[in-house]
Amino acid sequence: MCGIVGYVGRKPAQDIILDGLRRLEYRGYDSAGLCILNNGRLELRKKKGRIENLAALLRKQPVKGVSGVGHTRWATHGAPTDENAHPHLDQSGKLALVHNGVIENHQQLKEQLLAKGHKFVSQTDTEVLAHLVGERYEQIKAVPVTTDGAALTEAVRLALKEVAGTYGIAVVHADHPNLIIGARRGSPLLVGIGRDENFLASDVSAIVAHTRRVVYLNDFEIVTLTRDDFQVSTIEASAVSPEIKEVEFKAEDVERGKFPHFMLKEIFEQPQAVQNAFRGRLSPEEATARLGGLNLSPAELRAVDRIIFVACGTALHAGMIGEYLMEELGRIPTEWEYASEFRYRNAPVEKHTLVFAVSQSGETIDTLAAVRESKRRGHRTLGIINVVGSTIAREVDGGTYMHAGPEIGVAASKTFTSQVTILVLLSVLMGRMRHLAATRGLEILRELERIPGKIGRVLQQDDAIAAIAKKYCEAKDIFYLGRQYNYPVALEGALKLKEVSYIHAEGYPAAEMKHGPIALIEPRTPSVFICPKNAVYDKVMANIEEVKARKGPVIVVATEGDDEIRKKTDDVIFVPKTLDCLEPLLTIVPLQLLAYHIAVLRGCDVDKPRNLAKSVTVE
C-alpha cells in the first residue's frame with residue numbers, strides 16, 4: 001500500500017521524486033522520505049507525517065543528485081516515526097532500500113544479523129531487508145570477480161531467496177551512483193521508460209507526467225535500471241523479454257482541476273465513467289452486451305452453472321449487487337465472498353463455476369490470492385478491473401476493464417458505479433444466452449444509456465445535499481437501510497461515511513432493523529433509507545414508520561415525484577425513476593455526496609482518511 005518512486009537520469013532527482021511521492025500520497029501518508037546519490041554518498045531525508053513535512057525539510061536541507069529513490073509509507077511494522085520512515089540503510093550506511101509489503105520472516109533474519117553484529121535503529125521489517133541485501137553485497141564484493149552493477153543485482157537476488165512474504169523494493173548503493181535495482185513479489189512495481197532517464201514506481205500515476213511507456217514487472221522479477229537501459233530477469237537469473245505498454249491516461253487526469261478534493265471530482269466524473277464502462281459494449285440489434293475480453297466462447301459461457309464474485313470493500317458491495325443481477329437476469333446461482341475469507345475456506349466449488357475478481361486497482365492482495373487459489377483448483381477466473389496491466393488483470397483468464405480513469409481519492413466512488421455497470425452488462429449477456437427475453441434485454445440497455453444523464457440530475461442537487469449534511473454532521477451513529485438491490489447500496493453508503501467522516505455507520509437490509517438494531521434508535525440517531533418506487537417500496541415505507549414511531553430522524557433517497565414520502569420523513573433526496581436493476585447507479589450518488597459533505601464539515605481530510613490507503617497490497 002506504500003508508494004515507491006525511483007529516478008535515474010540527468011535531471012534533479014529530488015524534484016522528480018518529491019513530485020512522484022505527492023502523486024502517490026493516497027497510497028500511504030504516515031511518513032515519507034527519499035535518498036539521493038550525491039558525489040559518491042547517500043543523502044537521506046525522511047520525516048513523519050504527510051509529504052509536505054518532507055517537502056519542508058527539503059526546503060531547509062535540499063539535496064543535489066540525478067538518481068535516487070523515495071517512499072511514502074502506510075505503517076505495518078513499527079509506528080509512524082522519523083526512524084521508521086523509509087528509506088532504510090544497511091549496516092555499512094552505503095545501501096538504501098524502500099519497500100512495500102511485509103517480510104514475514106523478518107524476526108528470524110534479524111536475529112541472524114544481530115548475531116553478526118548488525119545494529120538496527122527502527123522497528124521495521126524493511127530495515128532488516130536492507131541489512132540482508134547489504135550483507136550479501138559485502139560477501140559478493142569479497143570475492144574478486146566483479147564489482148560493477150551486477151554485484152548489487154546479485155545481492156538483491158540472493159537476499160530475496162531468503163525472504164518469506166511480499167515485497168516491492170527499490171535499492172540504491174553509493175558504489176553505483178547511476179543504478180537502481182527493483183524487484184517485486186505480491187506488491188506492484190513498474191518501470192517507466194524515458195529518454196536519457198528511466199523511472200521505477202509502484203503506480204503509474206507517479207511518473208505519467210514524464211513518460212507513458214511502461215513495463216509492469218511480474219512476481220519474482222528483478223530489474224536493473226540505468227538512465228540509458230534496463231534489464232529484467234527472474235529471481236533465478238533467467239533473462240526476461242519485457243513487454244512495453246502505453247499508459248492510456250494523461251498527467252492531467254490525476255490532477256484535481258477545479259475541485260477542492262479528488263473525492264468530489266471523482267463523484268462528479270461518474271456520468272462519464274459509467275458511459276465509458278458501456279461504450280462500444282451494447283448490441284441493441286441482438287438486445288445483449290458485447291464483452292470480448294472474457295476469452296470464453298458462447299458454449300463455455302452457457303456451460304457455467306455457478307458464479308462467485310470475490311472482492312473486498314467497495315468492490316465487494318458491487319459484487320453483492322452482481323449477485324442480484326446475475327440471479328434475476330442471468331438465472332445463474334451466484335454468490336459473493338470476502339476474498340480474504342474465500343482463500344482460506346475449503347468450500348466445495350463445482351466444476352463449472354466461474355470465479356469473478358472485482359478490484360479497482362487489480363493489486364488487492366486478498367483478491368489476488370483468491371484468484372490464485374481458484375486457479376489452483378482448476379476454475380476459470382475472470383476480472384473486472386480498472387488498472388490496465390495490473391497483476392490481477394494479467395493473471396485471470398479474461399475479463400473486462402472499466403476504463404473509469406485513475407481514482408485518486410482513497411474512498412472509491414466512480415469505480416463502484418463503473419463496476420456495477422459492467423455487472424449489468426455481464427448479467428444481460430448471460431441472461432440472453434439463457435432465458436432473458438429480447439424485449440427485456442433491450443429495455444435494460446436503452447435505460448442504461450440514459451443513466452449518465454440521470455446521474456447528472458442527481459449531481460445538480462449537490463448544494464441541497466450539503467445542507468442536509470449540515471444538519472447531521474454531529475451525529476455519533478447513523479444507520480443505512482435498503483432492500484434488494486439497494487441493500488448493498490446501504491452498506492456502501494455506510495462505508496463511505498465511516499471512511500471519510502469517522503462517524504460510526506452501519507448498513508442493514510431494512511427489514512432486519514426490527515430484529516435487534518432498532519433498540520438503538522432514538523432522537524439523536526439518524527437513519528438513511530433508500531426507498532425508490534419499486535417492488536418493495538411499501539415494505540420499506542413500513543420500516544420508515546417503525547423508526548419514526550421511535551422519534552428517529554429519517555433521511556430518504558426517493559424517486560422523483562414521490563410527494564407522499566415527504567410527509568413521513570425529515571429530509572428527502574430525489575433520484576430519477578429507473579429500472580429496479582439499475583437503481584444502485586443512481587441511489588449511491590447522493591450517499592457519496594452526503595458522506596463527502598459531512599466529512600468536510602467535520603474538518604476531515606476526505607482524500608486521505610486516517611489509517612486508510614488506496615489499494616491494499618498487504619494482508
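These legends walk you through several close-up views of one predicted model. Local features need pLDDT of at least 70 and side-chain atom pairs count only at pLDDT 80 or more, while totals for chains, interfaces and linings use all residues. Residues are numbered from 1 along each chain as its sequence is written, and side-chain values use heavy atoms, with hydrogens and water left out.

**View 1. The largest nonpolar core has 90 residues.**
A nonpolar core is a set of buried Ala, Val, Leu, Ile, Met, Phe, Trp, Tyr and Cys residues joined through side-chain atoms within 4.5 Å. Buried means under 20% relative accessible area, exposed over 50%, and partly exposed in between (1.4 Å probe, protein chains only). Look for Ile307, Phe356, Leu425, Leu448, Tyr480 and Leu582, the residues with the most contacts inside this core. Helix H19 (residues 584–601) gives the most to the core, with 11 residues; helices (H or I, at least four residues) and strands (E, at least two) are DSSP runs, numbered from the N terminus. A second, separate core of 33 residues includes Tyr7, Leu58, Val208 and Ile408.

**View 2. Leu582 and its contacts.**
Setting aside neighbours within four places in sequence, Leu582 touches Val424, Ile444, Glu447, Leu448 and Ile451. Contact here means heavy atoms within 4.5 Å.

**View 3. Helices H9 and H16 pack together.**
Helix H9 (residues 313–330) meets helix H16 (residues 486–501) at an angle of about 170 degrees, and their axes are 9 Å apart. Axes are lines fitted to C-alpha atoms, for helices over the stretch in contact, and angles run from 0 to 180 degrees between N-to-C directions. H9 and H16 are therefore roughly antiparallel to each other (under 35 degrees counts as roughly parallel, over 145 as roughly antiparallel, 65 to 115 as roughly perpendicular and the rest as oblique). Among the residues making the contact are His317 and Tyr324 of H9, and Leu491 and Glu492 of H16.

**View 4. An open sheet of 7 strands.**
Follow the strands in the order E5-E6-E7-E8-E12-E13-E14, with antiparallel pairing; two strands pair if DSSP finds at least two bridges between them. At the edges, E5 (88–89) and E14 (239–240) each pair on one side only. Strand E13 (residues 230–234) joins E14 over 2 bridges, and Val232 has Val240 as its bridge partner in E14. Helix H4 (residues 125–142) lies across E5, E6, E7 and E8, running at about 135 degrees to E6.

**View 5. Strand E11 and its partners.**
Strand E9 (residues 190–193) is joined to E11 (residues 213–216) by 3 bridges, in the antiparallel sense. Leu190 has Tyr216 of E11 as its bridge partner. E11 also pairs with strand E15 (residues 245–246) over 2 bridges, where Val214 stands opposite Lys245.
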